[in-house]
Amino acid sequence: MKEVLKLKKSNCKNCYKCIRNCPVKAISFANDQALIVYEECIMCGKCFVVCPQNAKLIRDDLSLAKSFVENKEEVYVSIAPSFVANYDGVTIKAIDEAVKKLGLAGAEETAHGATIVKNRYEQMVENHEKDIIITSCCHSINTLIQKYYPDLLCYLADVKSPMLAHGAKLKKEHPNCKTIFVGPCISKKAEADLYQGDIDCVLTFEEFSHWLEESNITLNKESVDDIEKGKARIFPTTGGVIASMNSKPADYTYISLDGVENCMKALDDIRLGHIKNCFIEMSACVGSCIGGPTMDKQKRRYLIRDYLEVKNYSGENDFNVNQPNKDELQHEMKQINTFISEPSDDIIKHILKDMGKTSPEDELNCGSCGYDTCREKAKAVYQGKANISMCLPFLKEKAESFSDTIISNSPNGIIVLNEQLEIQLINQSACKLLNIREPKDVIGLSSVSILDPRNYLQAMNDELSIYENRSFLAEYNKYVDETIIYNKNYHILISIMRDITKQEIEREKKEEISRKTIEVTDKVIEKQMRVVQEIASLLGETTAETKIALTKLKETLKDE
Ligand code: SF4
Ligand code: SF4
Ligand code: SF4
C-alpha cells in the first residue's frame, strides 16, 4: 500500500503541533522531522490541516485518474455529497457536464451509495442485529476501531461505506468501467487501497479542481438539476446518517458524534460496558465530511454555511436505487495490529529520570512536546517515536545549567549590564578581580560604582562590540584585557575581563632587566673602546673596524 500522507522534506520546523493534534499520537520524530507512523495512523488528516509549515503532503492520484482516460476506459465519477459545500452554487448536472468534457463517461452522487447503506442500517435496527451499532461510513473511525478498539469490532456495522457501495453500484451498471471517487477526505484513498474492486482511484476536491483548471473547464453554475432531491444528500453532516433514516425503532437510542476525541471517549465508555441499545453515528471530522481535511481551505471555518448548502440541496425522499442484498453489502473489518509496545513502570521512571524528572513535581505535563503528560512522552521515547530533548522545560533548564556552569567556572570575569548600566549578573572571577565580596553585594547597582563606564557607553552608542581592550584599573591595581559585547536585541552589555596583571608585571620586570643589561653593556663597550683606541694608536692602526664590530654587538644585545 502506497503512503497516502507523507512529509515534505525539510519543511518541518519542530513545532510538534501535529503531535499535539494527532488523536492517536501516530507521529515520530527523526532527524528533526515529523514522520507518520503508518501502522498507527488512522488517516484523519488532522496533522495535515494544522501544520503551519504545510509540511504534510497528500498523495497525488491525478496521474492515475488521467491514465484511465488515456487508456480510453469508460470512467465514472462518484462525487461525495459535500461537493455542494465545496463548490458554491454547483449542482450534480454541472459536475456531470464537466467530467464529460474531461473525457469521462459521467458523474453520479455518492449519495446514491449512501441511500443503499442507510437502507441496510434500517434493516439492522429493525432486526435488532446488534445491541450497539456503530456506523461504518467513516474510514478513519473504522480504522480507529480496527487498530485501537478491536474488542469493539463486533459493534461496528459490517456494511460497506457509501463510497464502496456506490462504486459497486456503478460497476454493476457499467461492467468493466473504472470508478473515481472525488471528495473531502484523505482516508478514502487508504480505504480504496485496502478494499480494492469497487473504487479504482480517489481524488480530493483539490485534485479534481486542479484537473478542471488545467483543462480550462469551469463548473457551470447555471446548470440546474432535473433529478429528484435525495434524502441521503444530508449524509456529510453530523447526524446526517440518522436524519436520512426512515425507520428508527424505539428500542435504540440514536446518537451522532463527531471528532475523533469524542468518538474515542464514547468507545472507552462502550468498552466499560456503560452503553446499551444505541445506534451511534461516528465521524472523525468535526462537522462530519463537510469538515473534511481537504475541503477548500477558505471554507473550513464556515460549517454552518456549508451545512445549510447541503441541507438545502437534500430532499425528503430517498433516491430510487436498486438495493443490493445483504451479502453484497457485507464488509468485514478485521483487527489491524499496531505493534505498539507498552513499557513497564520502571522503564517509564528511568526515562523520566533521563528527562530530568525525578519527582512528581518535575512532571509539568505542559504539553509543549505534543504529548498530554510527561509519562505519555516517556512512553513515546520508549517506543522510539520521541526523543528526550523534545521537552521545552528540560531544554531550558539544561541550557541554564550549562551557562551557569560556564559562567561560574570561567577564569575570566563576566559582568552583564542592562542599558542603564546596572549590574544584572557578575561571576566569582569578576568579584575577585574587583575586590567584591560576593555577587549579591552589587547586583542591581550601577556599574559606575565599580568601573569606568566610558567603554560601555561607547559600545552602546556605536552599536559595536569592543574586543580585547587593554587597560589598567588603577583602583584595583589590575591590568585587564576587556571584551565588551553589546546585544541590542536583548538590551544587554556583556563584559568579559581577562586578568593580565601577572603577565604585565612579568613584562615590566623583563624590560627592566633588559634596560639594565644595555646600560652595563654600554659601559663595557665604552671602556673597551677606550682601551682599543689606546692600543690602536699605539699600534698605529685605525679603530674603525673594531668600532663597527663592537657597535654590532651592542645592537644585538639591545634587540635581546
Ligand atoms: S506541525 Fe508537525 S510537521 Fe508541521 S512543522 Fe510542526 S512539527 Fe513539523
Ligand atoms: S492523519 Fe491523523 S492519525 Fe494519522 S498521523 Fe495525522 S493526525 Fe495522526
Ligand atoms: S514537561 Fe516536557 S515532557 Fe512533560 S509535557 Fe511538558 S514538554 Fe512534555
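In the predicted model, three strands form an open sheet with the order 7-11-10 and parallel pairing. Its edges are strand 7 (132-134) and strand 10 (253-258), each of which pairs on one side only. Neighbouring strands of the sheet are turned against each other by 15° on average, with direction ignored. Between strand 10 and strand 11 (residues 278-283), the parallel pairing extends over six bridges. Within this pairing, Thr-253 has Cys-278 of strand 11 as its bridge partner.

A helix-helix contact was also examined. The axes of helix 6 (residues 111-126) and helix 8 (residues 162-173) come within 7 Å and cross at roughly 110°. Because angles of 65 to 115 degrees count as roughly perpendicular, helix 6 and helix 8 are therefore assigned to that class. On the side of helix 6, the contact is made by His-112, Gly-113, Ala-114, Ile-116 and Val-117. Helix 8 contributes Pro-162, Ala-165, His-166 and Lys-169. Classified by residue type, the contact of helix 6 with helix 8 comprises five nonpolar, three polar and one charged residues.

Ligand 1 is surrounded by 15 residues, of which the closest are Cys-12, Cys-15, Cys-18, Cys-51 and Lys-56. The shell around ligand 1 consists of 10 nonpolar, two polar and three charged residues.

Conventions. Residues are numbered from 1 along each chain as its sequence is written. Chains are lettered from A and ligands numbered from 1 in the order in which they are written. This is a predicted model: local features need pLDDT of at least 70, side-chain atom pairs count only at pLDDT 80 or more; totals for chains, interfaces and linings use all residues. Side-chain values use heavy atoms; hydrogens and water are left out. Axes are lines fitted to C-alpha atoms, for helices over the stretch in contact, and angles run from 0 to 180 degrees between N-to-C directions. Helices (H or I, at least four residues) and strands (E, at least two) are DSSP runs, numbered from the N terminus. Angles under 35 degrees count as roughly parallel, over 145 as roughly antiparallel, 65 to 115 as roughly perpendicular and the rest as oblique. Contact means heavy atoms within 4.5 Å. Ala, Val, Leu, Ile, Met, Phe, Trp, Tyr, Cys and Pro count as nonpolar, Asp, Glu, Lys and Arg as charged, and the others, Gly among them, as polar. Two strands pair if DSSP finds at least two bridges between them. A residue is near a molecule or strand if one of its heavy atoms lies within 4 Å of it.
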